[in-house]
Amino acid sequence: MSYARDDDELEEEDMEEEEGAPQQVVELASAIVPDNLKHCRACKRCGILKTLGQFHDQGCENCPFLHMAEDHNMVTKCTTAFFEGATAVMDPRDSWAAKWIRVDAYLPGVYAIVVTGQFDRDIEEDLENQGIRWRCRPAAQS
């Protein structure tokens, strides 16, 4: 009696598991996390943290309408290095922390707790016309 399985059987089993994976697991597996914590930037709309290069290469998964991918100018306009704290959110729909910082409708990832900065007026107007809200707030004046 042999219990060993060949590679083909294991590969078929893995493919069946992937096909039947819940959407939540698929989203978690595709979550982008910053590859360098020293040079993180936050998306001014949703607060997800990534490096400048990651925003340039992939854009923002939560805000594709900002068209940051492959556009350095938009990346600098739509992200900021001024943020406070960070939290990793693995299951935004069930996380009290995600609800508290209002990212429970977004994808899994690492999010800033407070985002400071302002969009350019033209970007703000576009977002307002589309009924889209954002998280960044102007810097405090002393």
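This is a predicted model: local features need pLDDT of at least 70, side-chain atom pairs count only at pLDDT 80 or more; totals for chains, interfaces and linings use all residues.
Residues are numbered from 1 along each chain as its sequence is written, and side-chain values use heavy atoms, with hydrogens and water left out.

Let's start with the fold. The chain has six helices and five strands, taken as DSSP runs numbered from the N terminus, with helices being H or I of at least four residues and strands E of at least two. Starting at the N terminus, the order is α-α-β-β-α-α-β-β-α-β-α.

Now to the sheet. Three strands form an open sheet in the order β2-β1-β3, with antiparallel pairing; strands pair if DSSP finds at least two bridges between them. β2 (49-51) and β3 (79-80) are at the edges with a single partner strand each, so one side of each has no neighbour in the sheet. Between β1 (residues 40-43) and β2 there are three bridges, and Arg41 sits opposite Lys50 in β2.

On to the aromatic rings. How many aromatic pairs does a search of the whole structure find? There are two, where rings of Phe, Tyr and Trp (its six-membered ring) pair if their centres lie within 6.5 Å, and planes under 30 degrees apart count as stacked, over 60 as edge-to-face and the rest as tilted. Tyr106 and Tyr111 are stacked, at 6.3 Å centre to centre with 20° between the planes. Both Tyr106 and Tyr111 are buried (under 20% relative accessible area, with exposed over 50% and partly exposed in between, using a 1.4 Å probe and protein chains only).

Why is the pair of Phe119 and Trp134 called edge-to-face? Because their ring centres are 6.0 Å apart and their planes stand at 90°. Phe119 lies in the loop between β5 (109-115) and α6 (121-130), while Trp134 is in the segment after α6, 15 residues apart. Phe119 has 4% relative accessibility and so counts as buried, whereas Trp134, at 25%, counts as partly exposed.

Trp134 also takes us to our last stop. The largest pocket is lined by 15 residues, and Ile101, Arg102, Arg133, Trp134 and Arg135 lie nearest its centre. A pocket here is an open set of points on a 1 Å grid over the protein atoms alone, where a 1.4 Å probe fits, with protein on both sides within 12 Å along at least five of seven lines; lining residues have an atom within 4 Å of a point. β5 gives the most to this lining, with three residues.
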